[in-house]
Amino acid sequence: MASAAQPVAASAGESNQPHKHSLPALMLGAIGVVYGDIGTSPLYAMKESFIGPHPLEVDPLHIFGVLSLIFWSLMLIVTFKYVFIAMRADNKGEGGSFALLSLIARNLEGRKWTGSLVLLGVLATCLFYGDAMITPAISVLSAVEGLTIVEVRLQPLVIPIAIFILIGLFLVQARGTARVGRIFGPIVLVYFATLAVLGIVNIAARPEILGILSPHWAVAFFGHDPARAFLAMGSVFLAVTGAETLYADMGHFGRRAIGLSWLTLVYPCLMLNYMGQGALLLETPEAVANPFYLMAPEWARLPLVGIATMATIIASQAVISGAFSVTHQAVQLGFLPRLRTLHTSEKAAGQIYIPIVNWALLAAVILLVLGFQESTRLASAYGIAVTGTMLITTIMLGFLVFGLWRWNRWLAGATIGLFLLVDGAYFASNITKIPDGGWFPLVAAAAIFTVLTTWATGRRLLRRRLEESAMPLPVFIKSAAGTLHRVSGTSVFMSATATSIPSALLHNIKHNQVLHERVVILTVDVQDVPEVAEAERAQIEDFGEGFYRIVLRYGFMEEPDVPRALAALDGCGPRFEMMRTSFYLGRQKLIASKRPGMALWREHLFGWMMKSSESAMEFFKLPTNRVVELGSQVEI
């Protein structure tokens, strides 16, 4: 086991090929992609803290109290929890809920609580989708609402302009973001510089605002009115939303680049802006209507709307790309059926586009904008999904530091206990938002959780039913090899398991009564690591009589390419030639039954998902003119 000073996996900065770029280039990229979400929080966090569902008086005690809470929340949650601890828990360079779950499950397999931990990891992923729906809506809407500060008569145009921008954003996803991505960093860099300059100008007028760095103001806030302070935490937390992106995007930029960007640029710029808003409110309490835009002089407000809108578009892009990546991981790990996935870059394997996810997100985002109308009302729906994800991440980190890293128990208990206290308090405060809109991400997460667990359970039941009638390969060879006619060429039978004969082979013999000279039983095994080394890609077993069993291993971040992998193999007869190879796929038609397993409605849902999934031929990149499908009916 690794000690507290020795993470299980290598640091992200040492693991992935993209990290060969220079540190400044990686930091610029991280600023553009990773920090777009948390960077746009100043647009609404302070405003919602004072005029949200639980309004506060705009006086020095509450201004200093709220800002002190923001400063120390960012310090504890982002700096200590994510930058210093969570980002050390990389799964061969990758971060995020699935990567962390795979890391723990792989190393602590067989423990009695492993199943519950898997469900927690899946729930965290489902909550992320709820966040992915709200982030584009609230970010773009809050930026466009700045137009009403410039000219009140523009109010009727806010919703149409926001929807127009969002539709445009989702329409360009199919073309990829490689070219646009190059300018993300510089734009967000200008945005953060603007945050800092606006903050400094306002702080200069009321320098006493720097006193918020003392935690006694947060304590005084709670001491003055504990109930009101607790409720205010739901709005204060808006300043922290986006923190989980640091960990999720670690595989793209590395731990060092993301951590240095936060400590040296993003955190200081955010706090300068928040303190600037606080200084403005000390001077002009009426500015609470929109302190972010009212910090700027009148002539600069329209350009500020433009800069902020570009920043929110970039923040939304990062969340959309994250949804594609998480969905891809869910498919590879067996929680979703095969989905049509397009690669939008020949150079970057991670740049993908999943049409069904794109259009589902667009529909949800437009419904949110039309349903809530204002960023203030949307803020009530925001936060609960993020706090839930963060709380689950803390629980999983607890398993990691106690069971895997073997930290000193007192140190581990104090660290995880502090994080649970902070995350739990924010989660409890955000629960109060459920009647005002917090129900939406919970309903969305529950629906997605149902889909993911139904697919995973259905696959397990289907595999069990198929294994009931399966035959071991040695027995099959002994009974069939000497009696059936053999023809030239190679037949590859895709099999979900590496222990038995696939149903497609049995049906082929039943109907055609013939075997090829070389028969390959092929299983594609997706491992719970991001990538598998080429040297460990294939496992070959020679059973004699021209029969081979091959297992191809892939990581959950990789795309299976069966023809390419077979062409590179040695040790199973002559080289594979695609024009002399036939691929046989089994296609099961499910019949819902009352046999023990799942509720009947979930069996129907699983059957529909199987029918709607992408063809295995396309998913495994099989040549279209060399595939034969053989169907069968299965009761689950």
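Trainee: Is Cys-269 buried or exposed?
Mentor: Keep in mind that this is a predicted model. The relative accessibility of Cys-269 is 8%. The cut-off for buried is under 20%. So Cys-269 counts as buried.

Trainee: What is the relative accessible area of Cys-572, and how many disulfides are counted?
Mentor: Cys-572 is buried, at 1% relative accessible area. A disulfide needs two cysteine sulfur atoms within 2.5 Å. By this rule the number of disulfides is 0.

Trainee: How many salt bridges are there?
Mentor: Side chains of opposite charge can pair when their charged atoms come close. The cut-off here is 4 Å between nitrogen and carboxyl oxygen. By this rule the number of salt bridges is 9.

Trainee: Are Asp-423 and Lys-81 buried or exposed?
Mentor: Buried means under 20% relative accessible area. Asp-423 has 3% relative accessibility. Lys-81 has 0%. So both Asp-423 and Lys-81 are buried.

Trainee: Which residues are linked in a network of salt bridges?
Mentor: Start with Glu-283 and Arg-206, whose side chains meet at 3.2 Å, N to O. Glu-283 is in helix H15, while Arg-206 is in the loop between helix H10 and helix H11. Arg-206 is partly exposed, at 22%. The network consists of Arg-206, Glu-208 and Glu-283.

Trainee: How far apart are the closest N and O atoms of Asp-570 and Arg-575?
Mentor: Asp-570 is exposed, with 53% relative accessible area. Arg-575 is partly exposed, at 47%. They form a salt bridge, and the closest N and O atoms are apart by 3.1 Å.

Trainee: Which backbone oxygen lies 2.8 Å from a polar side-chain atom of Ser-142?
Mentor: Ser-142 sits in helix H7. At 3% relative accessible area, Ser-142 is buried. Beyond four places in sequence, Ser-142 touches Leu-43, Tyr-44, Tyr-293 and Ser-375. The oxygen at 2.8 Å belongs to Ile-138.

Trainee: Where does Gly-438 lie?
Mentor: Gly-438 is buried, at 0% relative accessibility. Setting aside residues within four places in sequence, its contacts are Ser-380, Ala-381, Ile-384 and Lys-433. Its C-alpha is 14 Å from that of Phe-128, a residue 310 places away along the chain. Gly-438 lies in the loop between helix H21 and helix H22.

Trainee: Which residues does Leu-362 contact, leaving aside neighbours within four places in sequence?
Mentor: Leu-362 is in helix H18. Its relative accessible area is 12%, so Leu-362 is buried. The contacts are Leu-166, Ile-167 and Phe-170.

Key. Residues are numbered from 1 along each chain as its sequence is written. This is a predicted model: local features need pLDDT of at least 70, side-chain atom pairs count only at pLDDT 80 or more; totals for chains, interfaces and linings use all residues. Side-chain values use heavy atoms; hydrogens and water are left out. Helices (H or I, at least four residues) and strands (E, at least two) are DSSP runs, numbered from the N terminus. Buried means under 20% relative accessible area, exposed over 50%, partly exposed in between (1.4 Å probe, protein chains only). Contact means heavy atoms within 4.5 Å. A polar contact is a pair of N or O atoms within 3.5 Å; within protein, one must be able to donate a hydrogen and the other to accept it, and residues adjacent in sequence count only if both atoms are side-chain atoms.
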